[in-house]
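Student: Hi, I'm new to this one and would like to go through it slowly. Could you show me the structure before we start?

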Number of protein chains: 2
Amino acid sequence: MRSAALRRTTPGRKDATHERIVGAAARAIRRSGYGGTGVAEIMKDAGLTHGGFYAHFASREAAEGLAALERVAGAAAPRRALPALLRAYLSRAHVEGVETGCAVAALGSEMPRQAPGVRRAATRRIKEMIDLVARQSPDWGRPGAHQHALVTVATMVGALVLARAVDDPQLSDAVREAALEHLTP
Amino acid sequence: MRSAALRRTTPGRKDATHERIVGAAARAIRRSGYGGTGVAEIMKDAGLTHGGFYAHFASREAAEGLAALERVAGAAAPRRALPALLRAYLSRAHVEGVETGCAVAALGSEMPRQAPGVRRAATRRIKEMIDLVARQSPDWGRPGAHQHALVTVATMVGALVLARAVDDPQLSDAVREAALEHLTP
DNA sequence: AAAGCTATATGATGACCATCATATGCGCTC
DNA sequence: GAGCGCATATGATGGTCATCATATAGCTTT
């Protein structure tokens, strides 16, 4: 059906498809939420059909646990300094790019009702995000630096959630910009 | 079936039931999310059965739009001064009381994919929350006060979302307390 | 106190979805 | 270059859920 992209049995190719499915699941879940994402949607996103899903995962839940572990653009990517990270995190592009952006903001309020495995993965991601911010903070090492990172992350996530939730573009921009100015000295 | 609570046709009683259903829907939605809340769950919460739902609402979506408008404890309630409001909002009780707490934190990351009516209602709630904080801020009226309120609300919501998302009680408390100390001077 | 109006209950229907059994067809091996 | 093994596709099945048609029962009016 597809041309060259779809070798069938070459050793190691299954793993590639597997990762493609996980990536598609991560995107679909951020787009449609945990409950709203069906197996069919995930597989269509990966360019496959729903039946083949179970050659890779035991159940939908298993896949969602993994997908939560998927690399999170906003949380893990940039090694730049804090101001640049903040500008990227609080950019209009990130507000509009729910599907590929920070999963903590996209799924945060759904976490309390997720399966334990999913919550564990989310907790790990959140800790990574806090550590990332803490290490890039100017007073890294001083007392209170960790607390300060907690607050910074809370403000980042809260501002992104609000800027996305609201259907008023002016308010959305105002939230982003107020948070950005507050956080960048 | 029930004893005295269930008069059938007394004028005005339908409205009371109606409000009971809206309240039940608001709780159920905060508990189970927008997609995860079924008509049966809402009606059971209201002490009725699923069929009667359609005597009150045209569809599930219609009810959900209304439920989003429902008064939100954390967002609309207290007229006290800012520090008291913050202590309540960032209390452990509020972290644990998803069902009756702030709907913005409980549903924020689900908002981008909701129906227009729901988003409009959410936007109004968020604006009310911002105004509430702005009015109670000590520098109410001075330039920048509104921007400052935006940041305060973002930090409040973000901290609550994170404290609830995480499955590590210590981290949950740390986020709450760091945000609280940062916001109360 | 009987009849009628109307709020709620019961049960049916059709859609959607996760899961699984089985079919198909691509490359690798000989 | 023919057959075989394995990844993916197809189609079936059972469960869940929203919606609706119809049944029931309590208040109200006379």
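Tutor: Let us begin with a term: a residue is called buried when its relative accessible area is under 20%, exposed when it is over 50%, and partly exposed in between. Tyr54(A) has a relative accessibility of 49%, so this residue counts as partly exposed. Please keep in mind throughout that this is a predicted model.

Student: And Phe53(A), is that one buried or exposed?

Tutor: Phe53(A) is buried, since its relative accessible area is 0%.

Student: How many aromatic pairs are there over all chains?

Tutor: The count over all chains comes to four aromatic pairs. In chain B, the rings of Phe53(B) and Phe57(B) form a tilted pair, because their planes stand at 40 degrees, and the ring centres are 5.2 Å apart. Both Phe53(B) and Phe57(B) are buried.

Student: Which residues do ring pairs link into a cluster in chain A?

Tutor: The cluster consists of Phe53(A), Tyr54(A) and Phe57(A), joined through ring pairs.

Student: Changing topic, how many helices and strands does chain A have?

Tutor: Chain A has 10 helices and zero strands, so the pattern read along its sequence is α-α-α-α-α-α-α-α-α-α, with helices as defined by DSSP runs. Of the 185 residues in chain A, 51% are buried. Looking at contacts in chain A between residues at least 6 apart in sequence, 67% join residues that are at least 24 apart.

Student: Can you pick out one helix, say H9(A), and tell me how many of its residues are buried?

Tutor: In H9(A), 18 of the 21 residues are buried, which means that this helix is largely enclosed by the rest of the structure. Helix H9 of chain A covers residues 145-165, and at 1.5 Å a residue it should span 30 Å, which agrees with the 30 Å between its end C-alpha atoms.

Student: What about Ala88(A), where is that found?

Tutor: Ala88(A) is found in helix H5 of chain A, which covers residues 82-89, and with a relative accessible area of 32% Ala88(A) is partly exposed. Ala88(A) and Leu180(A) are 92 residues apart in sequence, while their C-alpha atoms are 9.9 Å apart in space.

Student: How many disulfides are there over all chains?

Tutor: The count over all chains is zero disulfides, where a disulfide would need two cysteine sulfur atoms within 2.5 Å. As for individual cysteines, Cys102(A) is buried with a relative accessible area of 0%, and Cys102(B) is likewise buried, at 0%.

Student: How many residues does the contact take from chain A and from chain B?

Tutor: The contact takes 43 residues from chain A and 43 residues from chain B. In chain A, the residues that lose the most area to chain B are Ser109(A), Arg113(A) and Leu162(A), together 17% of what that side buries. Between them, chain A and chain B bury about 3,400 Å², and 68% of this area is on carbon and sulfur atoms.

Student: Why do you say the copies meet through the same surface?

Tutor: Because 100% of the interface residues of chain A are also interface residues in chain B, the copies meet through the same surface.

Note on methods:
Residues numbered from 1 in each chain as written. Chains lettered and ligands numbered in written order. Predicted model: local features only at pLDDT ≥ 70, side-chain atom pairs only at ≥ 80, totals over all residues. Heavy atoms only, no water. Buried < 20%, exposed > 50% of the residue type's maximum accessible area, 1.4 Å probe, protein only. Phe/Tyr/Trp six-rings, centres within 6.5 Å; stacked < 30°, edge-to-face > 60°. Helix = DSSP H or I, 4+ residues; strand = E, 2+ residues; numbered from the N terminus. Expected span 1.5 Å × (residues − 1). Contact = heavy atoms within 4.5 Å. Buried area = accessible area lost by both parts, 1.4 Å probe.
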